[in-house]
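Dear colleague,

I am handing over the structure we spoke about, and I have written down what was found in it. Please open it first and keep it beside you while you read the notes that follow.

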Amino acid sequence: MIRVIRVYSRLSLCFFLLSVSAFSQTPTVKLRLYSLHHEAHLKITAKTGKLAFKTCGNCLADDVAGLEITSTIHGLRIAGRAHLEDQAFVEGNYLLEPEEGFSLSLNFPLEITTDHGELKILLDVPLEDYVATALAGESGSFKNEESMKAMAVAVRSYAALFKSRHGAAGYDFCDTTHCQTLNFKGISAQVRAAVEATRGEMLWYQGKPAATFYHQNCGGTLAAAAEAWPTMAETYLHQQADPYCVRGPLLPWRAELDRRQLQDALRKQGLTVPEGWSSLEIVSRMPSGRVRKLAFQHPGGTPQLVSGSSLRFAIGRSFGWNQVRSDLYEVQTTADAVIFTGRGAGHGVGLCQAGAEQMAKEGQGYRKILAFYYPGATLGLTAARSLNWEKRASGRFELLSTQLDQDAEALPAAETVLANLESELGWKLEFNPQLKMFPTLDAYRNSTGQPGWIAAFTRGRIISLQPLAVLKEKSILESTLRHEFAHLLIEARAHAGTPLWFREGLTLYFADPRKNIEPVQMTEAEMEKTFQNPGDRKSLEHAYAAARTKVERMVRENGKETVLQWLNSGKHF
Ligand SMILES: [Zn+2]
Ligand SMILES: [Zn+2]
C-alpha cells in the first residue's frame, strides 16, 4: 500500500547563487520623473509635517520643512549648504515644483542626483501604484469598468516584462510613451478600482509575463507583432480582424503635407528623396493592410523606396505625431502636396483600446477582452498555469515537462541516484516520485515563487526542479536529485511529531555523508523556529548547517541504524 505522504512544504536545501532579478520579489519600481524635460532647479516643500532629508544612503536624516536643489556640472547645490552634494534623498509628503514640468504632490521616496548638469529625479513606487499611474496616463478614452480592468492587467504585465529597460541608467521606467505614460494627477476612483479589482493579475505565456502591447485604435485590423518589430514572433500577438472597434466611433484621419516640407522632413532623418520626384506611391502592404513600403517615383529614374515606418517616424518628428496617425492609409500626390487618408491610430499590435471599450460597452468582461486581444496568453497571479505540461512515465519516475524529449535525459541519472541512495539507507521508496522540470529560470521562479538560489524543492511526491540545462551547467543535477530523494525517503518514514530540524539534518547528512562542514551550534528550539519561519537566506543556511552538525554527531555517537530508527519511533528529543 502506498504510504500517505505528509504534505511537506518547507524548502529543501540546494543553494547556489544565480544573479537573477525576480519581479515578484521586488514589488517596487524606480521611475525617472520629468524625463523629457531638462530640469536644473527643483523646489520640494513639505505638505504635512516635516521631510526626512539626507545626502547619503546610510547617514541620519535631518527634518526639514523644504529644500531647494540646483544642479551644477559638479554636483547638487542645496540651498543653505556650503558644499556640493552628489545625492539627495527625501521622504515625506511633499510638493515638487520643477522649472519646466508640472508640479506634483507625492509621498514616495525621492532620490536626486545630477546627470550631465541636469537633475535626475528618481522615485521609488510600489508596483500597484505604478500600475495606477500608468493606467491613468494610458487609458484616457475608457469609460467602462471592464475595459479599464483589461488595461490594468495589460499595463501590469507590460511592466513586469519590461522592468529594468532603463537598468543601465539606474532605474526601471521613464515617464513617457517610451515606457508607459504616467499621470500622477489623473488617478481617479475608477482607475484605483480597476487596479484593486485586478491586483497582482497578469497575462502569462510559457512561464513569462506576456508582451502586452496596446494601442489606441486598430482601424479594424490588428497587426501581428512582427509587422511592428520584425524580431518578435509572439503567437498571442497575431494578425486578425477586430470586429469591435469598427462598431464604435471610427477614427478616420487626413493629413495634407506640403511636398517641399515633406521632403525636408525625410532628409532631416537621413532618408534619400530624389530630386524632381513626381509622386509618392504605396508599393507593398503588410498582412494587416498597413503600409510596408512606398516609392518616390521620378521620370526617367528608378523609384526610391522608403519604408512605411521610416516615413511615419520622419513625419512625426517634424509635423507632430497626430498627422499620419497609423500606417493604414492611402496616399495621393497633387501638384504641391501629398495627402494621406487613413484610419486608426498607433501600431495596431495587441489590445485595441477602442475595441476593448466597445467590448465592455457590449457587456463583455475583462477576461473576455484579454482573451480576444492576447489569444493563448493565460491570466493569473503566477505563471503556473501558462505552461503546457506533458507527462511521461518511466521506470521509477513520472516526468513532467514542457519539452519531454530534452528533459528525458535526466531520467537515467535519476534512476541511478535513487537506487544508490536506497541501498545505502536500506529503505525503498514505495511510490513513484514526479520530477517537474521547468523550461526556464523565469518559469521556475514565476511559477513556484522560489528564489533563484533554491535549485529544487519537494512538496508531497512532486519534486520541482530548475531547468535541466542550468543544473547540468552547475554540475549539480545528481546532488540535487539525491538531496530531494533523501527528503522523500525521510519524510515517508517520519513520525508526526518528529521535529523539523531532525528531518532536515538527516536529509542533509544522508544526501552527502562524507561532506566536511564547519560545525555550527544552535539550540534545537532555535533551529525549529527557523525552519518553521524561514527568514533570509543567511539564517536558513545557518540553521541547516546546525541541523546537519547535530545529526552527524548523533550518528557518530549512536550509529546510523539507531538514529534512523528514531525517525519513526516517536523518540522525544
Ligand atoms: Zn522609457
Ligand atoms: Zn480595433
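The axes of helix α2 and helix α3 (residues 189-197) come within 8 Å and cross at roughly 60 degrees, where axes are lines fitted to C-alpha atoms, for helices over the stretch in contact, and angles run from 0 to 180 degrees between N-to-C directions. This is a predicted model, in which local features need pLDDT of at least 70 and side-chain atom pairs count only at pLDDT 80 or more, while totals for chains, interfaces and linings use all residues. Residues are numbered from 1 along each chain as its sequence is written, chains are lettered from A and ligands numbered from 1 in the order in which they are written, and side-chain values use heavy atoms, with hydrogens and water left out. Helices (H or I, at least four residues) and strands (E, at least two) are DSSP runs, numbered from the N terminus.

The crossing of α2 and α3 is right-handed, a word used if the near helix is turned clockwise from the far one by less than a right angle, and left-handed if anticlockwise.

Strand β10 (residues 202-205) is joined to β22 over 3 bridges, and Leu-203 stands opposite Leu-379 in β22.

Which residues are the protein donors of the zinc ion (ligand 2)? They are Cys-218 (SG), Asp-242 (OD), Cys-245 (SG) and Cys-352 (SG), lying 2.2 to 2.3 Å from the ion; donors are N, O and S atoms within 2.8 Å of the metal (3.2 Å for Na, K and Ca), and water is not among the atoms, so sites may look incomplete. The site is tetrahedral, with angles of 102 to 121 degrees among its 4 donor atoms, and four donors count as tetrahedral if all angles lie between 85 and 135 degrees. Cys-218 is buried at 0% relative accessible area, because buried means under 20%, exposed over 50% and partly exposed in between (1.4 Å probe, protein chains only).

Terms used. Pairing = 2+ DSSP bridges. Tetrahedral: all angles 85-135°; square planar, octahedral: opposite > 155°, others 65-115°.
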